[in-house]
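User: I am new to protein structures. Please take a close look at the contacts inside this one, and walk me through them in one connected answer.

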Amino acid sequence: MHPSRRSLLVGATALAAASAVIPRGAPAANGQEILRLQTRQIEVGGKAATRYGVAQPSGAVGLTLDEGDTFDVRVENTLKVTSGLHWHGLNPPWQQDGVPYISGPPIAAGQSAAYKFPAAPVGTRWMHSHFGLQEQNLLAAPLIVRETEAIRSGRQEVVVLFEDFSWTKPEALLEKLRQPMAGGRTMGGMKMSKPDYNDIDYEAYLANDRSLADPQVVDVERAGEVRLRLINGSASSNFTIDLGAHEGTLLTVDGNPVEPLKASLFPLAVAQRADILVRLPGDGQAVPVLARGEGRALQAGIVMRPPGAAVAKISVEGDVPGPAVGLKQEELLRALRPLPARRVDRSVPVGLTGTMTSYTWSMPVHGMIGAPVTIARGERVELVMENKTMMAHPMHLHGHSFQVTEINDRKLAGAVRDSILVPPHATVKVVFDADNPGIWAYHCHNLYHMAAGMFTTVVYRGFT
C-alpha cells in the first residue's frame, strides 16, 4: 500500500525508521498547507546544535504532493530574523519563486506569505532559504511532487537530504574566505596546478540531520525494491553517492526522467537530486547508502535494514577521500522526455570567473559583469557556460528546466535538469524554452560563490 496523498516527509524531527513518508498533518482551514520557519536542535558529534528548520504543524519536515495537485502553501516565519523559501526545481509564476527582492519581498519575522500555483514539474524537488547565508544554517527541506507512476508502483520511497555542517557561523566562514590568500591558495591571472575541491573544512556531513555516528536506519523488505530520492542540500559540498557492492538504477536527475542507468557510484553536485532504484539483496544484509565528500574522507549516509539484519557501525570518515565529481556519468545520460527539437534562437555566452586572493566571483554575460541574460518569450535559448577557474560551479536556473546539449565540444541529447555542474576549465551548453516570463535568478549554487558575486538574472523583455 503506497503512502497517503499529500503525505509528509520523514526528516530530522520525524525519527521514524520505516518509510520516508508519514500521514499528512492538518491543513489550514482554507485548505492551505502550512510550513513554519523555526529554530530546532539537532545533535552532531554528541553536542547539541541550534539551527533553523522548515516543518509542518505536526513537526514533520518537508512536504509531499501528488502529480496534478495545486501547490497551496502558507509560509509562517516564526524566526527572529527575516527569511523566506525558494521552491527549487518548481516553475511557478516569477512573483512566487521566493527569491527576496527579485521575486518579491522576504518574509519578516512574525509574518507569513501565501503561495498558490500548479505543483509542476513533478519529481524530487526541494525548498531552501534564499536569504543571506541561512541555507548553511540548514534552512532547507525536501519537496516532492510524486509521479503518478511512482504512486501506482507501490514501491517504498526513502527521501534523504544531505547537508554540510559547521560549528562556525556562516558569516564568519565567508569572512575567513575573504581574507587575502585564503587558505594559502591563489588564482586570478595564474592558472592553478590542480582543482580546488573545497572552500570550507566542514566538521560533519549530515543525512536527514544525522551523522554516521548515529545514522537513520530505515526498515525495508527483504529482497524488496526501494526508490531513493536523494537531495544534495549542502551549501558548498559535492558528493558521490556510493552503494558499495550493490548496484542501483538511476531513474531521474533533478526530478526529470532519464534512460535507466545502472551503477554503484552516482555523482551528486550541490543542489542536484537523483532518484535511484535499489533492489535489496536476498541475503538479508543491511545496505548502507553513503554520500562521500569530494576530495575528503568525511561522509554521511543512511542504512537500509531488512528484517533481522545487523547494522554495523560506519565511520564518519572513509578510508580514502571521495572521488572528484565530474561529468563522465553526465555524458551518458539521455532524457526520456527531451525538449522538442528546434533551432536555437539566442545563444548567450556566460563566463564563470573568480579569484581566490580576494574571494570574489562573477559570471559575466556577453563579457559584461553584472549584465543580465535578456531573452524574449517563445525563444529557444542556449546558455554557453565556460568555467575559467579551478573550482567547479554548480549552476542553477530558476523557473525553467533546461537540457544539457554539449559538454566540452561533445554534442549530446543529455538530461533535462535545473542544476548542472561546470567543472574547472570546462564548457557546458544547455538549452531551454522561454515559456515562463519574469525575472529569474541564475547563479552558482555554491552558497559562498553566490554570496561573493556569482549571481545574475534572466530577464524577459516586455513581460507583464
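Analyst: Start with Tyr359. Its relative accessible area is 0%, so Tyr359 is buried. Keep in mind that this is a predicted model.

Now look at Trp361. Its relative accessibility is 3%, so Trp361 counts as buried too. The cut-off for buried is under 20%. How are the rings of Tyr359 and Trp361 placed? The whole structure holds eight aromatic pairs. In the pair of Tyr359 and Trp361, the ring centres are 5.7 Å apart and the planes stand at 85°, so the pair is edge-to-face.

Phe71, Trp87, Tyr115 and Phe117 are linked by ring pairs into a cluster.

Find Arg36 and look across: Glu76 in β6 stands opposite.

The charged end of Lys47 sits over the ring of Trp167, 4.2 Å from the ring centre.

Now turn to charge pairs. Side chains of opposite charge can pair when their charged atoms come close. How many salt bridges are there? The count comes to 30. Take Glu157 and Arg229. Their side chains meet in a salt bridge, at 2.9 Å from N to O. Glu157 is in strand β11 (residues 156-165) and Arg229 is in strand β14 (residues 225-232), so this pair ties together parts that are 72 residues apart in sequence. Are the two partners buried or exposed? Glu157 is buried, with a relative accessible area of 4%. Arg229 is buried as well, at 0% relative accessibility.

Glu406 gives a second example. This residue has two lysine partners, Lys411 and Lys429. The closest N and O atoms of Glu406 and Lys411 are 2.9 Å apart. Glu406 is buried, at 6% relative accessible area. Lys411 is at 65%, which counts as exposed. The cut-off for exposed is over 50%. Between Glu406 and Lys429, the closest N and O atoms are 3.6 Å apart. This pair links distant parts of the chain: Glu406 is in strand β27 (residues 402-407), while Lys429 is in strand β31 (residues 427-433), 23 residues away.

Now follow strand β21, residues 299-305. It is mostly covered, with six of its seven residues buried. What pairs with it? β13 runs parallel to β21, over three bridges. Val217 has Val303 in β21 as its bridge partner. Strand β20 (residues 287-293) runs antiparallel to β21, and six bridges join the two. Here Val287 is partnered by Met304 in β21. The hairpin of β20 and β21 has five residues between the strands, and one of them, Gly295, takes a positive phi near 70°.

Finish with the backbone. Most residues other than glycine have a negative phi, and most peptide bonds are trans. Ala223 has a positive phi near 65°. Its place is the loop between β13 (217-219) and β14. Ala223 is partly exposed, at 36% relative accessible area. His425 also has a positive phi, about 55°. This residue lies in the loop between β30 (419-422) and β31. At 39% relative accessible area, His425 is partly exposed. Last, a cis peptide bond joins Ala120 and Pro121, with omega about -5°. Pro121 sits in the loop between β8 and β9 (123-128).

Conventions. Residues numbered from 1 in each chain as written. Predicted model: local features only at pLDDT ≥ 70, side-chain atom pairs only at ≥ 80, totals over all residues. Heavy atoms only, no water. Pairing = 2+ DSSP bridges. Helix = DSSP H or I, 4+ residues; strand = E, 2+ residues; numbered from the N terminus. Salt bridge = Lys/Arg side-chain N within 4 Å of Asp/Glu carboxyl O. Buried < 20%, exposed > 50% of the residue type's maximum accessible area, 1.4 Å probe, protein only. Phe/Tyr/Trp six-rings, centres within 6.5 Å; stacked < 30°, edge-to-face > 60°. Lys NZ or Arg CZ within 6 Å of the ring centre and 35° of its normal.
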